[in-house]
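Dear colleague,

Please find below the structure that I am passing on to you.

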Amino acid sequence: MQRRTLLQALGTAGALSAVPPLARAQLRVEISGVGSQQFPIAIAPFVREGNPPQDVDAIVRADLARSGMFRLIDAGTAPLPDNPAPDLAAWRARGADALAMGTVARLADGNYDVRFRLFDTVATKQVEGLSYVVPAADLRTVAHKIADRIYEKLTGVPGVFATRIVYVAQLSPTAFELQIADADGVNPQAALRSREPIISPAWSWDGTRLAYVSFESRKPVVYVHTLATGQRRALANFQGSNSAPAWAPDGRTLAVALTLTGNTQIYLIDANGGTPSRVTRTAGIDTEPAFAPDGKTLYFTSDRGGGPQIYRVALPGGEPQRVTFNGDYNVSARPSPDGKLLTYVGRREGRFRVQVLDLASGQETTISDTGRDESPSFAPNGRQVLYATELGGRGVLATAAIDGRVRTRLAGPQGDVREPAWGPFLK
Amino acid sequence: MINRTLATIATALLLAACSSVPLDEQKGVPIDDKSKPAAGATTDPAAQTGAVKTVDATGQQTKSDDPTTGLLARRSIYFEFDQFTVPEQYKPLLEAHAKYLGANRARRIVVEGNTDERGSREYNLALGQKRAEAVKRALLLLGVTEVQIETVSFGEEKPKAQGSTEEAWAENRRADIVYK
């Protein structure tokens, strides 16, 4: 009942085309197309005690704005205290169908107690109230978790603000970093530094490990890397080129592209190493494998029909079927978390753009509007796609809603960035 | 006072209820039980932020000692757009290297394939491999033994020419012979 009230409110929020009023320097949000509907919400400045090092409510606001699902109602600059109770009718009169408020208070032990409440101003009741006690270093994460709860309460879909992304930053011609950052591109941490290129980072499905291709030994070698410990080892370092790692959902097997026969073919290999077993058999190129969530289907890129197209094969080795038919260049496929959609890069009239294919209907939607877009991957809630594009000759990261109506650019990462991959929900 | 122990149950009841909750009951508002980790609110910093330990792989580079006399100094084979066959003009160059490798059976080479920057990095890696393989096959026909040649690809990752011009792209559609 309550969910319905909010969803009805969302449905009546009206067609909006304006950029949300919140325009922070670190992000740019574009809302395009007609019929974009945004839920009007006010996030009141949180009460702060003990000088918290993060502006929690600002992070919540930025997250919700970036999603494109919300229109932020101006809540002024004065913190809204817990007492007296907020005048929900007044907030409703200002145009907010929901109000979030909270406190960030330093405790005697140095941790922070973060509390927030979410009110439905239409039904005039509280719909969420949570408290988190965390060290100062985790205040950003808590802000993202709060944004996740608000997003889920008001849209019915889990938020992805507290998830992480990986990408490669090139800082100079001989300085490459594999960086892990929050989903907004802020708070980057280097998992690997190298003089040589790094490409194709792939998350294990539990988010604890990465596989990637590093050229540090003057050839492409696939590594597996445990993030918390920094332990890593070469998983595939065979004669020739080793590339395009993809984790099976169970974390025990990876698909990789090897050149044991001279040409590039797809193999399965145990996550602990061992002898690879060949999956595809052509004299041409088969690469960029990606497991479907069922673990039994592998999507990949193949030139068996001439130019590169996306195919799928049932494991351990059925007859591959072609999946993409529009255009003469479709590459880099990744399935959605529910397995119903596929995102990939398609060249259309000379422009490389991110496509989303509904596998059941065959309906293809172009969701990016630039021309050199690469490496798309779904958010763990399946609602957005993260991809690499270029701006002013520099690689940048962007997200697009799966219907293409909302696009944002992540301005957090510094340097020339590329090869993003959106990580899973953290357990 | 906030009733922490009944928080989860109270939240569930509140969410199930269709009637509105009077705002003057705010003091009894459900807040997650802080005595145990709330869902997604652990206080373990490693689990919370997913600590990342940095690995430094910026080690020293190996030096090559390529033979540099005559045609052996030329070690690059350029390819046309979307082409993977060795152009006829490189026959003398390949013959010179084949002769040297034939006389020096202990020498090993790596043929490094490269592509221009357009398109998927992984697909370009596979295309670069195709170029390297084409050079390898030509050298095998000229008597070089299989064990002397490894083919690898850099795809678009190590461009010799920077920029997004036709000239830069042509410079980067290339296979290089590198002596180990």
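This is a predicted model: local features need pLDDT of at least 70, side-chain atom pairs count only at pLDDT 80 or more; totals for chains, interfaces and linings use all residues.

Residues are numbered from 1 along each chain as its sequence is written, while chains are lettered from A and ligands numbered from 1 in the order in which they are written.

Chain B

Chain B contains five helices and five strands; helices (H or I, at least four residues) and strands (E, at least two) are DSSP runs, numbered from the N terminus. Read from the N terminus, the order of these elements in chain B is α-α-β-β-α-β-α-β-α-β. Of the 180 residues in chain B, 33% are buried. A residue is called buried if 20 or more other C-beta atoms lie within 10 Å of its own, exposed if 12 or fewer, and partly exposed in between, with C-beta atoms placed from the backbone. If one takes the contacts in chain B between residues at least 6 apart in sequence, 72% of them join residues at least 24 apart. Two residues are in contact if their C-beta atoms, placed from the backbone, lie within 7 Å.

Where the chains meet

Contacts between the chains involve 65 residues of chain A and 46 residues of chain B. On the chain A side, strand β7 (residues 125–134) supplies the largest share, eight residues. That side of chain A comprises 29 nonpolar, 23 polar and 13 charged residues. Here Ala, Val, Leu, Ile, Met, Phe, Trp, Tyr, Cys and Pro count as nonpolar, Asp, Glu, Lys and Arg as charged, and the others, Gly among them, as polar.

Strand pairing also links the chains: strand β10 (residues 189–194) of chain A and strand β1 (residues 55–56) of chain B are parallel partners over two bridges. Two strands pair if DSSP finds at least two bridges between them. Within this pair, Arg193(A) has Asp56(B) as its bridge partner.

In chain A, β15-β16-β17-β18 is the order of an open sheet of four strands with antiparallel pairing. Its edge strands are β15 (242–247) and β18 (277–278) of chain A, each of which pairs on one side only. Strand β17 (residues 263–270) of chain A joins β18(A) through two bridges in the antiparallel sense, and Leu268(A) is opposite Ser277(A) there. Helix α4 (residues 121–141) of chain B packs on this sheet, touching β15, β16 (253–261) and β17 of chain A, and its direction makes about 120° with that of β17(A). Axes are lines fitted to C-alpha atoms, for helices over the stretch in contact, and angles run from 0 to 180 degrees between N-to-C directions.

Four antiparallel bridges connect β19(A) with strand β20 (residues 297–302) of chain A, where Phe291(A) is opposite Leu298(A).

Helix α2 (residues 56–67) of chain A has twelve residues and spans 17 Å from its first C-alpha to its last, close to the 16 Å expected at 1.5 Å a residue; the expected span is 1.5 Å times one less than the number of residues. Eleven of the twelve residues of α2(A) are buried, including Asp57(A), Arg61(A), Asp63(A) and Arg66(A). Gly68(A), with a positive phi near 80°, follows α2(A).

Strand β31 (residues 416–422) of chain A is also mostly covered, with six of its seven residues buried. It runs antiparallel to strand β8 (residues 164–172) of chain A, to which five bridges join it.

Nonpolar cores

A nonpolar core is a set of buried Ala, Val, Leu, Ile, Met, Phe, Trp, Tyr and Cys residues joined through C-beta atoms within 7 Å. The largest has 126 residues, and Ile41(A), Leu99(A), Ala100(A), Ala211(A) and Val256(A) have the most contacts inside it. Helix α4 (residues 139–155) of chain A gives the most to this core, eight residues. Apart from it lies another core, of 15 residues, among them Ala132(B), Val144(B), Ile149(B) and Ala175(B).

With kind regards
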